[in-house]
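The notes follow in the order in which I checked things.

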Amino acid sequence: MKFRKQAMQMRRSRSILFFSFLLVFLVSESSKGQIATVRPDRAAPGMNVVVEVLAPKTSFRPFGYDSLQSGNAITFINPSDSLRVTLGPSIVSWGGRVLQFALFISPTASLGTVPIALFDSVTDASDTITFQIDSEQHLGTINTSETFAANSNTFSNNNVLLVDSLIVTNATLGFSLQNPDTTASNPRLLPVMILSKGPVRLTNATISVNADSLDGGPGGGGGGHGYGGPNGGIGGSGFTGGGSCPADTIASLGSGGSGDITAGGPSITGVAGGGSSTEDQGGGGGTGSPYG
């Protein structure tokens, strides 16, 4: 009897071990990495924002079906973060590829990261994002036209600018498209988002995201290029790059990287840029839509 009891305990232990391994395997498999970008990825204490999580174009309903509160569980990985941030309702759209939810940041919230877990009961997909509580920048009154520099000290990784106020008089503000690092993707080609905790006053002033010749402004598609020309027929850069002509020229750039001989650079969500032409037909323009 003692031997049989020990044997049963060993079988039970093996079962528990197998179940634990299976559970870890399933959790690993369900973490699909279905996040292309998060906007905004930061805000200041006292701000209320709607966070938008975008999945890649090729994802199939990673956040479930389009609806309000569609079975998504959004929780803090560190329970104590609920004292810094309050979660609001969520909504899914764009064929299950966009998840939006409200965040209410306490005026007394400490600065730093807030890791958030996302889980969808429809698809069993899970993932995490990291939101940043950060301090605002003080720009003062701007009365001369300037281009905001594209560096990590000014903009977030996803092109978000936090300010205590935005007061512009008799001036135009533009935004640099220069890549802040050496990676293929360029966050400065994403739409610009400015979050101001204080007043926004524009007097005879312009905030410009206009295109610059072939290059699209932040969030805009690059222009397609005709045959030849000063830059060899290369399409413009943008959220997605413009097509080139002829197609064997160096591909244009998109927010997700460089293109190839068939199309301009893709977006960060994986949408191809404008089509390139092997003949003297001209390349197509890129799109600013996250899903084409």
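Predicted model: local features only at pLDDT ≥ 70, side-chain atom pairs only at ≥ 80, totals over all residues.

Rings. I looked up F175 and found a relative accessibility of 11%, so F175 counts as buried; F155, at a relative accessible area of 5%, is buried as well. I then listed the aromatic pairs, of which the structure holds three. One of them is F148 with F175, edge-to-face, at 5.7 Å centre to centre and with 90° between the planes. F148 lies in strand β11 (residues 146-148) and F175 in strand β14 (residues 172-175), so this pair ties together parts that are 27 residues apart in sequence. F155 and F175 form another edge-to-face pair, with 6.2 Å between the centres and 75° between the planes. Here the link runs from the loop between β11 and β12, where F155 sits, to F175 in strand β14, 20 residues apart. I noted that ring pairs link F148, F155 and F175 into a cluster.

Strands. I traced an open sheet of three strands in the order β10-β13-β16, with parallel pairing. β10 (141-142) and β16 (200-203) stand at the edges with a single partner strand each, so one side of each is left without a neighbour in the sheet. Between β10 and β13 (residues 166-169) I found two bridges, and T141 stands opposite I167 in β13.

For strand β12 (residues 160-163) I checked both faces: V160 and L162 on one side, and L161 and V163 on the other, are all buried. Four bridges join β12 to the parallel strand β15 (residues 193-196), where I194 stands opposite L161.

Note on methods
Residues numbered from 1 in each chain as written. Heavy atoms only, no water. Pairing = 2+ DSSP bridges. Buried < 20%, exposed > 50% of the residue type's maximum accessible area, 1.4 Å probe, protein only. Phe/Tyr/Trp six-rings, centres within 6.5 Å; stacked < 30°, edge-to-face > 60°.
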